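Load the model in your viewer and keep the selection tool at hand. Each stop below says what to pick next and what is there.

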Amino acid sequence: MGSSELDVPSLMVDAKRLAECLHDSCQYGAAHQYGKLSTETGMARLSLDDSDKEVRDWFMETANSLGCRTFFDQMGNLFAIRSGKNNNAPPIMMGSHLDTQPTGGRYDGILGVVAGLEVLKVLNENSIETEGSVGVVNWTNEEGARFPKMAVSSGVWAEEIPIETAWGLREVTTHGGNPKSIKEELDKIGYRGEHPASYRANPFAAHFELHIEQGPILEDEGLKIGVVHGVQAFKWFDITVRGRDSHAGTTPLYARKDAVLSAAKMVVAANTVATHHSGLATTGIINAEPGTVNTMAHTARFTLDVRHVRDDVLETMVKACEAEFRRIAQEDSEKGCDVEWKVLVDSPAVQFNSECISVVEQSTVNVLSALPETSSSKLWRPMISGAGHDSCYTNLRCPTSMIFTPTRQGISHNPTEYCSPEDCALGASVLLGAVLRYDRLRARRGDFSDLNC
Ligand SMILES: [Zn+2]
């Protein structure tokens with residue numbers, strides 16, 4: 001069944017209330033003042049620290065005041081559910097995360113959660129009774145900044161990561177040689193629930209995530225909304241180049257096995273391959289041993305992060321890099337070096353659910369039609385996310401898609417991260433319209449018919 005002609009009320013969120021709610025939540029963990037205004041700060045709200053406990057208390061209190069049923073699971077994921085006409089079917093969830101990087105901003109993750117709360121406020125004040133229930137989820141430790149595993153708690157919910165592994169993760173910042181585990185910190189702040197962290201015990205009808213783009217494309221193209229179709233594939237490698245250490249002054253060029261020179265040419269070659277395939281290749285870490293000024297290194301190590309929207313093209317890029325690196329190691333150093341590859345991460349491309357994408361697109365067209373600029377130009381585009389999100393895990397277990405808003409200068413994971421109140425509100429209104437459309441879609445599809453006799 002298609003999702004055409006879904007007749008839903010045309011509602012907009014309250015931009016001012018949304019901005020106030022966002023900044024209200026940011027009083028917990030605000031840090032790194034960069035401007036004169038009280039809201040011109042970044043965030044340092046590391047997962048499960050005291051400020052994270054405070055914002056969790058704030059979230060639960062806010063959701064309870066909206067009449068939601070609230071609970072949290074074994075990973076401390078917070079859930080707020082607003083009842084609909086049929087409450088035996090799983091809820092449509094709007095989710096993201098309230099934790100931040102140590103030098104993070106006020107929008108990454110936070111916008112998606114507070115926009116979910118704003119959607120519930122609009123439903124309440126318009127006395128809208130949805131067909132099924134609708135809710136908001138705050139996922140624990142999405143950033144992987146304090147406990148080094150990204151989106152670990154949606155990963156447990158999706159049963160892709162065992163809970164013991166997640167509970168046992170220890171923080172990267174040591175407390176005097178005694179780094180705390182996720183389980184210890186959940187217990188300390190009182191957020192380790194009884195409810196199983198599992199999609200089987202706690203299923204969703206769908207998961208929609210509003211998020212800042214974290215890149216420059218929407219702003220550069222003068223657009224307001226990105227309709228996200230998926231997440232690009234990426235692979236991380238550790239590359240080791242072995243040559244021979246010898247004296248920088250007495251070894252002629254023709255007699256060298258120069259590992260650093262070879263590695264440098266490989267970094268350039270990877271960039272050429274990426275450019276050729278319209279993908280990305282990045283070297284973020286590079287080291288040489290033994291590391292003295294007047295000795296060429298016997299070993300050079302570097303990381304390689306390769307990305308493309310398509311798995312098959314990513315594979316072609318990796319093969320091309322392998323061939324080029326082999327050639328460089330053998331021919332570009334007079335006496336030849338060896339090159340070794342080790343895979344660190346292999347993350348295939350994610351394709352979001354077509355019905356979710358379709359309701360987001362319909363909602364986007366409807367919301368943007370209210371803007372005067374719409375008459376002269378289209379203000380949205382389909383996009384592929386460059387970064388991973390909790391939605392990658394939920395997508396494995398329920399229909400999922402994402403909505404992007406513009407991000408000033410594409411800057412994220414930085415205190416100055418910014419999305420204007422107007423753009424935040426457009427994104428939240430798109431989220432609202434998408435949820436209402438999906439709610440109507442599943443009623444029309446008969447999702448509730450077995451449950452109502
Ligand atoms: Zn995020």
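Start with helices H8 and H9: H8 passes H9 in a right-handed crossing (the near helix is turned clockwise from the far one by less than a right angle). Helices here are DSSP runs of H or I, at least four residues, numbered from the N terminus. This is a predicted model: local features need pLDDT of at least 70, side-chain atom pairs count only at pLDDT 80 or more, and totals for chains, interfaces and linings use all residues. Residues are numbered from 1 along each chain as its sequence is written.

Select 259-276 for H8 and 311-331 for H9. Their axes come within 9 Å and cross at roughly 150 degrees (lines fitted to C-alpha atoms over the stretch in contact, with angles from 0 to 180 degrees between N-to-C directions). H8 is therefore roughly antiparallel to H9 (the term covers angles over 145 degrees).

Now show the contact residues. On H8 they include Met266, Ala270 and Val273; on H9, Cys321, Phe325 and Ile328 are among them. Contact means C-beta atoms, placed from the backbone, within 7 Å.

Next, select Leu111, Val119, Ile403, Ala428, Leu431 and Val435. Of the 94 residues in the largest nonpolar core, these touch the most other members. Such a core joins buried Ala, Val, Leu, Ile, Met, Phe, Trp, Tyr and Cys through C-beta atoms within 7 Å; buried means 20 or more other C-beta atoms within 10 Å. Helix H12 (421-445) gives the largest share, 12 residues.

Centre on Leu431. Leaving aside neighbours within four places in sequence, Leu431 contacts Met94, Ala115, Val119, Phe208, Leu210 and Ile403. Another core, of 28 residues, lies apart; Phe237 and Ala281 are among them.

Terms used: Buried ≥ 20, exposed ≤ 12 C-beta atoms within 10 Å, placed from the backbone. Helix = DSSP H or I, 4+ residues; strand = E, 2+ residues; numbered from the N terminus. Contact = placed C-beta atoms within 7 Å. Parallel < 35°, antiparallel > 145°, perpendicular 65-115°, else oblique.
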